Amino acid sequence: MRLRVAGVIVLLYVQPLSRVVRLTVDDVVHDGDSVLLRLGEPASPVPAPVAALLLEHLATRSNMNTATNPSSRWLFPDRRTGQPLGSNHLSALLNKVGIPIAAARGTAVRQQLLELPAPVVADALGYHDKTTSRLRNEVGGTWSRYAPGDHTRSPAGWVPRGTGDS
């Protein structure tokens, strides 16, 4: 179960394993019918099939029956007291079951950059905007003219045209 959940988080949210293993149970927000994963602010919605997996994982996390970990808050607890599972260990386990994390994560972020503007991907996934812009250029993304920022405010000095102005 933990491999499926970790793999889905890496592929769906394009997160490095070093960040995935640092997630805590508090980063999973179960609010009524919706499940959110706090990777940044605001928390990201979790699709229904993944939400069911994530909630099942929360209820059956491994390494919780050891004398040192009965109250661990890590989403992926290790056997060692108060420690999350090591990212290298998790990577090796995922590779063993056929999920090459580094390649899969790179493919996932590039696919998102074909579908969304680089600044949006950067904000949503916690990447630096220069990294996503560089990757967008590598894959030939078409969102090069997207203007990030608050589009609800008008620029200083801008006055809307009246209905009679043309």
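Me: Contact means heavy atoms within 4.5 Å. Against which helices do the buried residues of α7 pack?

Reply: This is a predicted model, in which local features need pLDDT of at least 70 and side-chain atom pairs count only at pLDDT 80 or more, while totals for chains, interfaces and linings use all residues. Residues are numbered from 1 along each chain as its sequence is written; side-chain values use heavy atoms, with hydrogens and water left out. Helix α7 comprises residues 129–139, and its buried residues (under 20% relative accessible area, with exposed meaning over 50% and partly exposed in between; 1.4 Å probe, protein chains only) are Thr132, Leu135 and Arg136. They pack against α5 (101–115) and α6 (118–125).

Me: How wide an arc do the buried residues of α7 cover around the axis?

Reply: The buried residues of α7 are Thr132, Leu135 and Arg136. They lie on the same side of α7, because the arc they cover (taken from the directions from the helix axis to the C-beta atoms) is only 105°.

Me: How many helices and strands does the protein have?

Reply: Helices (H or I, at least four residues) and strands (E, at least two) are DSSP runs, numbered from the N terminus. From that end, the elements follow the order α-α-β-β-β-α-α-α-α-α. The counts are seven helices and three strands.

Me: How far apart are the end C-alpha atoms of helix α1?

Reply: Helix α1 covers residues 2–13, which makes twelve residues. The expected span is 1.5 Å times one less than the number of residues, so α1 should span 16 Å. The model agrees, for the distance between the end C-alpha atoms is 16 Å.

Me: Is His57 buried or exposed?

Reply: His57 belongs to helix α3 (residues 48–59). Its relative accessibility is 2%, and therefore His57 counts as buried.

Me: Which backbone oxygen does the side chain of His57 reach?

Reply: Neighbours within four places in sequence left aside, His57 is in contact with Met1, Arg2, Val5, Leu75 and Phe76. Of these, Val5 is one of the buried residues of α1. At 2.8 Å, the side chain of His57 reaches the backbone oxygen of Leu75.

Me: What share of the residues in the protein is buried?

Reply: The protein has 166 residues. The buried share is 35%.

Definitions and conventions: A polar contact is a pair of N or O atoms within 3.5 Å; within protein, one must be able to donate a hydrogen and the other to accept it, and residues adjacent in sequence count only if both atoms are side-chain atoms.
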